[in-house]
Amino acid sequence: MTVSRKKAIELLENEAGDITRLFEKPTGQWRLALRRFRGRRSGMTGLFIVVGLILVALFAPIIAPYEPNEILIGVEDVTRRDPPCIHLLGCPEETPQHIMGLDGNVRDVFSRIVYGSRVSLTLGFFTVTLALVVGSTIGAISGYAGGWLDNILMRIMDVILGFPSLLLAIAIVAVLGPGLRNALLAIAIVTLPGYARVMRAQVLAIKENDYVTASRALGSSTRSILLKRIIPNSLTPLVVLATLGVATAILEAAGLSFLGLGAQPPAAEWGSMLARERNQVFTSPHLVFFPGIAIMLTVLGFNLMGDGMRDALDPTLNR
Amino acid sequence: MISYITRRTLLAIPVLIGIVIVVFLLVRAIPGEPCTAILGEQATEAACERFNEANGLNESLPVQLAVYIKNVFTFNLGDSISFSRPVTQMLIERLPLTTELALSALFIAVLVGVPLGIVAARRHNSIVDTATMAFANVGVSMPVFWLGLMLAYLFALVLRDTPFVLPPSGRLSPGVFPMAYYDVWGWELTQGSTWAKFNEYLGNHFILNSLITGQWEVFWDAVKHMILPAVALATIPLSIIARITRSSLLEVMGKDYIRTARAKGATEGTVVRGHALRNSMLAVVTIIGLQLGALLGGAILTETVFNLAGVGRSLFEAITARDYAVVQGFTVVIAGIYVVVNLLVDLSYAYLDPRIRLE
């Protein structure tokens, strides 16, 4: 029986894939991981918080009683920085209900916090996507190519890591100009090295495997080896890093906004809401308290979910 | 070991040079002329020309870079354009505050974080463990500036008539003046000499200074002012240290030699203190070093919240004012400290774990 060369290569490739699956158990791996994840209270708590936040962001117009930038002076009988008024807790019925009070521009704080979830989630998602794509590309090239290219790329990453990250982010935003988009870029740049390093380590470990050598012997191009063999097998730790990265990104972005370098008024962004009213902390603490709680809850959700995922995907860690 | 030290130290040099160049280029890329930022209304073309001439800003970029690198390595960081004072002098005044803040925070983080981690690991899966880890998870998720403001509100306003009242801003109360140790001990220092400057720098560590000279009133006042910022800054590293201590101790407790020690009849205390703890501290030491970067970044936010004139706050103001010399000088010094600390952490790690240096 004669088989065409192409067919033979295909067979070999499939077999290489099967052998990989046997040894690295990717088939049942995700299902097993899912089961382990479900068994963890903290991971599930994180998931609930994150899903809840996504729902709040999606249905913000329904949940928020007012528009985020609606100035209520003249509309209702209220004054600047009125403290929270909740009817259920004994606030008189004739005063309009504002469960988190009003800010310095007589806007409903609760509505602004609800809309703020859209800003934070979008920012976290895009920052991490950008850092993940660019970082892991650098890492993959560095790890696969080796030699001087590896050396140069990794020294550049070392320089980025050589700065305290907030400091470098501030400097980058100073160059690009303040604003949410530039803050996003700055945070993506300072978090790049983490992804690059993890990807590089993965590539170094995987490229020595027999199935990669087999692919190379069969004449696959570098590009196809990277895309088909190495990257799919190195995703696990990157997924975990990315989830935790959302938390970091949101926290750093809030810091930048607090310094006036991130979101600009009148955007309903938690960090800048807090920064604008920070001198009023002694007279109207609610204006500082609630945005901070919102930031903390979001960051906590992603942190817990990321930890849960790490434990689930790598059972050898952290029993 | 010596070859490892040499190799690791040599590796840090290109990183340091890279940092100097990146800072130089970033500062030059900040939009807007320093001249218009500093002179404001009076920034006519002729005035700008004179200004640039005086500050060496009309040279080509490579020349400016070369001059700058030469100056950095001779500890001449130039003059602040907006304050018209040497950057080194500003560092002498402002770095000690940040150092004291960062070290106090680290002190709190280690002092509380390590025991918390140990307790959580010893009572694995108990309510104590769950509570500690919940606390640690909330701790890493807290924005430093928010915590700072909330602590200020709580301790300066809510508790103002109790013994727990703490000041919400500043470094010392009005009217409290520390006397530098060299004045207390009557040292003769030549004005302007490097030795005098070095002593001035040391003397500006108010807590240390008042402690060694026994100025207890100043000491207590400085400590009281430091508590809130240090606690705010410590929360994140504290939580991370607690988590690492716990997971690292748990991992070690599962090792064969621990079983052997138990089989020999060693008491639980001996097993934990004598065998497990020492080996689990490796990871903790690394993490403590790595937290320094986060501390320096967090210092910018903490100093802003508590109105402290440290390097973090000054750096932020200098960036907004396009004060090239200050931004360059402060960033290089901070990044330099960071690189050196990381180097020391790596070396201590290699010392503690011989496998590292053989790689």
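Me: Is Asp307(A) buried or exposed?
Reply: Buried. Its relative accessible area is 9%. The cut-offs: under 20% is buried, over 50% exposed, and partly exposed falls in between, with a 1.4 Å probe and protein chains only.

Me: What sort of model is this, and how are residues numbered?
Reply: The model is predicted: local features need pLDDT of at least 70, side-chain atom pairs count only at pLDDT 80 or more, and totals for chains, interfaces and linings use all residues. Residues are numbered from 1 along each chain as its sequence is written, chains are lettered from A and ligands numbered from 1 in the order written, and side-chain values use heavy atoms, leaving out hydrogens and water.

Me: Back to Asp307(A). Which residue does it form a salt bridge with?
Reply: Arg310(A). The closest N and O atoms are 3.2 Å apart. A salt bridge here is a side-chain nitrogen of Lys or Arg within 4 Å of a carboxyl oxygen of Asp or Glu.

Me: What does Arg155(A) pair with?
Reply: Asp158(A), with the closest N and O atoms 3.0 Å apart. Both sit in helix H6 (residues 147-161) of chain A, three residues apart. Asp158(A) is buried at 16%. Arg155(A) is partly exposed at 26%.

Me: And in chain B, what does Asp256(B) meet?
Reply: Arg259(B), in a salt bridge at 3.8 Å, N to O. Here both partners are exposed: Asp256(B) at 52%, Arg259(B) at 57%.

Me: How many salt bridges over all chains?
Reply: The search finds 14. Asp103(A), Arg107(A) and Arg112(A) are linked in a network of them.

Me: New topic. What is the fold pattern of chain A?
Reply: It has 13 helices and zero strands. Buried residues make up 51% of its 319 residues.

Me: Which residues does Ile49(A) touch?
Reply: Leu297(A), Leu300(A) and Gly301(A), leaving out residues up to four places away in sequence. Touching means contact, heavy atoms within 4.5 Å. Ile49(A) lies in helix H3 (residues 41-58) of chain A and is buried at 18%. Its C-alpha is 9.6 Å from that of Val299(A), 250 residues apart along the chain.

Note on methods. Helix = DSSP H or I, 4+ residues; strand = E, 2+ residues; numbered from the N terminus.
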